[in-house]
Amino acid sequence: MSQSPSLPSRLEYWTFRHRGLVLVIFALLTLFMGWQGAKLRVDAGFEKTLPLEHPYMQTFTKHMKEFGGANRVLVALSVKEGDIYTPEFMTRLKQVTDAVFFVPGVDRASVTSLFTPNVRFIEIVEDGFAGGNVIPAEFQPNDQWLPIVRENVLKSGQVGRLVAEDFTAALVSVQLVETDPRTGEKLDYMQVAQQLEDIRAKFEDERIQVHIIGFAKAMGDIADGAKSVVMFFAIAFVITAVLVYGYGKSWMMTFAMLGISLCTVIWQFGLLVLLGYGIDPLSILVPFLVFAIAISHGVQNIGTMTQEISKGADATTAARISFERLLIPGGSALITDALAFVTIAIIQIQMIQELAVSASVGMLIIIITHLWILPVVLSYLPLGDKYRSRVEGQVGRFDKVWSRMAIFARPKGAIAMILVALVVLGVSFYEQRNMTVGDTEAGVPELWPDSRYNLDAQLIVDRFAIGVDIIQVIAETKADGCIDYGIIKQIDDFTWAMTNVPGVQSTISMATAMKVVNTGWNEGNLNWRVLPRNSQVLVRTVTPIETSTGLLNSNCSVMPVVIYTKDHKAGTIQGIVDAVEAYNKANPSETVQFKLATGNVGVMAATNEAVMTAEKPMLLLVYATVILFCALTFRSLVGSLATVLPLIVVSILCNAMMAWLGIGLKISTLPAAALGVGIGVDYGLYIFNRLQSYLKHGLSFADAYYRTLQETGSSVLFTGLTLAVGTATWIFSDLKFQADMGVLLTFIFLANMIGAIVLLPAVAALLYKLFPKLFEAEVKRASKRTFAAH
Amino acid sequence: MIVQASARIAAALLLAAGLPVSALAQTPAPSMRPAIMAPLASHSLVLAATRAGDRLVAVGERGHILLSDDNGTTWRQVPSPANAALTGVTFVDARHGWAVGHDAVILHTQDGGETWTLQHAEPELEQPLMDVLFTDASNGIAVGAYGLYLETTDGGATWTPRTVSEDDFHFNAVLAPTPETRLIAGEAGTLLFSADAGTTWTALESPYDGSFFDALVLGPQSFLVYGLQGHIFRTDDAGATWTEIDSGGTAGLMGGAVLTDGGVMLVGAQGTILTSRDGGHSFSATRRPDRVGLADIVQAANGGLILLGEAGPIPANP
């Protein structure tokens with residue numbers, strides 16, 4: 001797009017003059033990247049999945065120190081037969097409590113089990129109440145002590161909390177601290193997960209089972225499952241190799257292209273390390289996508305090579321033509337992709353932003369590896385007459401198909417096609433209303449419902465009253481708020497209102513605890529399960545409640561209302577969040593503020609909102625970027641619209657697919673939509689670029705389109721199929737979200753391919769038909785540019 | 001998030017240490033508000049229940065009033081003018097009833113519990129009412145904490161306080177063994193007896209210095225009093241002599257009922273249920289597996305038994 005000689009030809013001239021040097025430098029850089037990339041580690045972080053800008057998260061950060069974050073690990077021991085009151089079980093529970101204590105990152109003060117001294121019971125006696133540790137220090141696992149522990153557990157109110165409601169299981173609960181307060185070192189979640197798994201291996205047997213849940217364990221299991229990505233990568237690699245050979249009829253060319261595509265991934269890993277990133281288990285698909293997009297550009301190269309050689313060129317000339325022809329459409333496609341991925345970063349979640357940057361970097365690497373280096377490599381291949389005779393017959397093999405498909409470039413076909421697209425759009429638009437933001441299933445949706453983790457989570461939810469899903473609403477008030485009846489009563493009323501919200505399993509707050517203590521001070525008489533109005537009496541009810549309960553801070557100005565939810569489905573969370581906000585609106589208070597939110601469900605609520613508010617602006621930005629770059633590349637309004645409209649249809653169809661498949665829009669699935677658009681742009685840019693070059697030679701639209709299909713249609717068709725086959729294998733993954741992504745991406749790749757081949761020309765044909773003057777103007781402008789360039 | 005209440009009174013909280021309570025700026029206490037209608041009202045703490053004809057009426061925390069017209073199978077909450085916890089309820093016939101509770105609230109209904117009016121409330125007194133007794137539609141007694149004693153002769157239109165004991169121990173239950181006699185049981189072994197329908201009261205010699213939470217009338221001269229640490233005492237001579245009955249445990253006993261077949265049942269803390277098949281001379285104890293705290297038990301019109309407590313009104317498994 002510059003003065004003569006054009007940038008591509010100048011670059012081509014320079015590159016091929018120094019092609020040996022270029023390759024040596026590239027090889028050295030690849031070695032360096034490989035050396036760096038070898039240091040790449042799986043890196044999960046809890047805090048980087050948080051939308052820190054969200055108001056909920058500001059409440060979260062403010063109170064995290066005092067009330068713990070949302071980063072809990074629960075280790076449950078369950079018996080197959082009988083109950084927990086056996087010497088064997090109690091010994092095991094003590095061992096597990098001790099073992100968990102030494103897991104890295106565990107906040108030791110937070111370790112809670114029947115064996116920890118922070119678990120106490122109270123008993124009402126004639127002169128007040130007495131109490132002690134549920135399991136006294138002098139406990140021995142024998143028949144003398146077990147009945148005492150059984151009694152103490154009942155008195156402690158831990159039934160349903162640390163002990164299963166049917167006495168068949170007991171919990172050890174811990175909080176993890178992500179950054180070591182002394183060394184400032186970041187917690188290695190994979191190590192935590194491994195040590196937890198070691199605890200399971202060591203203490204589980206036929207009679208006593210160990211169940212472990214929590215963010216750290218989930219990440220470990222996801223990372224384990226994600227290792228299968230390597231296998232799927234291998235499968236996809238083999239399938240791609242076979243298909244590329246079928247397309248280009250040259251093993252040499254196939255392996256040159258695949259080899260360079262592997263280099264792309266190596267550079268990707270190397271740059272991730274240089275950027276200071278690890279690879280997150282949830283974004284492990286990014287390198288795969290970079291590879292896929294690299295293949296799609298490589299196929300364009302092979303396509304051009306094959307055609308030019310069959311027309312009589314030698315390998316070097318064909319490579320030079322391919323270089324010059326693909327640099328502009330390929331380069332703008334990749335820059336568009338890179339910018340489109342960067343827009344994902346408007347979601348204020350560090351993990352997403354890292355994903356956006358690494359995907360964008362990947363696109364820029366492809367510009368180097370596939371638009372620049374690959375043609376140079378191909379120019380060295382000895383593709384002589386023997387190869388030419390092999391491919392000569394090939395080039396025309398799809399001509400019949402292409403001539404049929406050219407019907408979509410004629411007005412009648414175009415109208416029919418656009419009507420079909422409108423119907424698809426309408427149905428999808430209607431269906432996408434069912435798409436949920438957040439999780440659609442209980443348990444960890446990244447893993448299959450019958451995975452060990454989700455079965456463990458189910459067991460804990462079934463046997464304990466507390467569940468694993470917590471949202472804490474923080475009541476902020478003045479100092480000593482809990483001994484002011486007017487204030488604590490408001491907290492009590494709020495707690496009760498929340499208890500009544502659908503989706504809430506149970507609640508607990510300072511008010512709840514104070515009422516229990518007040519009952520205790522009144523000889524256990526349930527008639528006194530109230531908040532006393534008298535401030536001095538309130539002091540008495542507050543005194544026995546220690547800050548370690550997590551129900552109050554040291555001066556009683558902050559009191560979390562803990563809400564255990566039935567699950568963490570998006571609808572459940574939304575219902576609770578709405579109820580809190582409605583309550584605040586209906587009961588404005590000058591003395592108490594109920595602030596959302598901490599706890600894992602509080603985090604999810606914020607994340608869901610962050611994803612939801614970012615989704616539309618993100619897609620709009622993506623489309624705007626695509627339109628802008630198409631406009632810059634083609635200098636054509638029609639070209640921009642014809643490229644972007646099929647993409648919009650596909651992304652709305654993709655939303656409908658997610659609704660049908662029950663896949664929620666969340667951190668791990670959000671990138672798929674944007675990445676899908678990225679692949680779609682490539683097809684559109686290559687096709688319209690060719691189309692335009694034929695139009696300016698004076699061909700009619702339908703003829704130009706036929707020629708375009710002949711030249712680039714098979715590589716688009718082929719790329720779409722190759723990518724789709726590769727991602728389709730993910731359906732057999734150990735990770736549910738990878739399987740879901742596999743379905744979605746297969747679909748997106750195919751739909752975008754079809755959209756580019758049939759819908760793009762239909763839109764362009766119709767627009768040119770409706771606005772003939774526009775057609776003339778755009779063709780004229782395109783011709784001028786070309787002539788100026790030569 | 002686990003509640004741990006330790007008995008260490010001088011615990012970590014600074015605010016308890018000699019805090020100048022009077023100096024604290026108090027947020028104005030929310031005054032009497034109507035009870036909030038809540039879906040889970042019938043699954044939250046209920047403290048007392050009685051029959052109004054064939055209907056069951058239960059009362060509990062937050063001013064909840066629940067009605068059941070199918071012998072306790074289903075319950076519905078009805079509006080109430082006060083949100084203070086209600087601790088006692090009584091009906092003299094199918095239509096006229098009274099409920100009492102915290103903030104010295106007394107509520108009255110004339111339509112079998114569908115609608116309630118506030119007869120009395122004194123939140124600033126800080127003395128909850130614990131029980132109410134009406135022997136006819138005019139004459140009633142309400143008793144409560146720190147010796148609170150209110151009486152009426154006009155169906156509650158006016159309530160007059162009176163001091164009937166020199167101590168200010170809590171009165172937890174008031175009963176009418178015969179048309180003339182009245183019995184009050186309460187804190188620290190408090191037992192008061194009146195032979196003239198409440199005009200004059202005398203203290204009985206108590207067999208126990210712990211608290212009685214409730215009492216039952218087994219006959220004109222025969223009463224059971226029971227409460228803290230599972231203590232049960234029986235008299236067959238209107239309180240002159242008492243014999244202790246073993247409850248088989250130490251769980252506090254909160255309420256009880258004499259059944260139509262002559263059986264006697266007592267309920268209490270940690271799901272404790274005591275049953276007597278010999279007219280209250282001896283009891284056998286069971287515990288509900290869920291260990292839910294029980295406040296009272298009531299027999300429905302069809303003979304079914306309904307437990308009242310932390311989980312709301314729940315049918316007692318026979």
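Helices (H or I, at least four residues) and strands (E, at least two) are DSSP runs, numbered from the N terminus. Residues are numbered from 1 along each chain as its sequence is written, while chains are lettered from A and ligands numbered from 1 in the order in which they are written. Because the model is predicted, local features need pLDDT of at least 70 and side-chain atom pairs count only at pLDDT 80 or more, whereas totals for chains, interfaces and linings use all residues.

**Backbone details**

- Most residues other than glycine have a negative phi, and most peptide bonds are trans.
- A:E523 has a positive phi, near 65 degrees, although the residue is not glycine.
- A:E523 is buried, because 24 other C-beta atoms lie within 10 Å; the cut-offs are 20 or more for buried, 12 or fewer for exposed and partly exposed in between, with C-beta atoms placed from the backbone.
- A:C556, in the loop between α19 and β8 (558-565) of chain A, is also a residue other than glycine with a positive phi, near 60 degrees.
- With 26 other C-beta atoms within 10 Å, A:C556 is buried.
- The peptide bond between A:L596 and A:A597 is cis, with omega about -15 degrees, and A:A597 belongs to strand β9 (residues 593-598) of chain A.

**Around A:M435**

- You will find A:M435 in the loop between α15 (411-431) and α16 (452-463) of chain A.
- A:M435 counts as buried because it has 21 C-beta neighbours inside 10 Å.
- Leaving aside residues up to four places away in sequence, A:M435 touches A:N655, A:M658, A:A659 and A:L665 (contact means C-beta atoms, placed from the backbone, within 7 Å).
- A:L665 is 230 residues from A:M435 in sequence, yet their C-alpha atoms are 7.4 Å apart.

**A helix pair**

- Helix α11 (residues 315-343) and helix α12 (residues 350-379) of chain A have axes that come within 8 Å and cross at roughly 175 degrees.
- This crossing makes α11(A) roughly antiparallel to α12(A).
- The contact of α11(A) with α12(A) involves 18 nonpolar, 6 polar and 2 charged residues.

**Domains**

- Chain A is assigned domain 1 (1-38 + 230-394), domain 2 (56-223), domain 3 (398-448 + 614-790) and domain 4 (478-591), with bounds from an automatic or database domain assignment.
- Between domain 1 and domain 4 of chain A, the C-alpha centres are 60 Å apart.

Note on methods. Contact = placed C-beta atoms within 7 Å. Axes fitted to C-alpha atoms, helices over the stretch in contact; angles between N-to-C directions. Parallel < 35°, antiparallel > 145°, perpendicular 65-115°, else oblique. Nonpolar A, V, L, I, M, F, W, Y, C, P; charged D, E, K, R; others polar.
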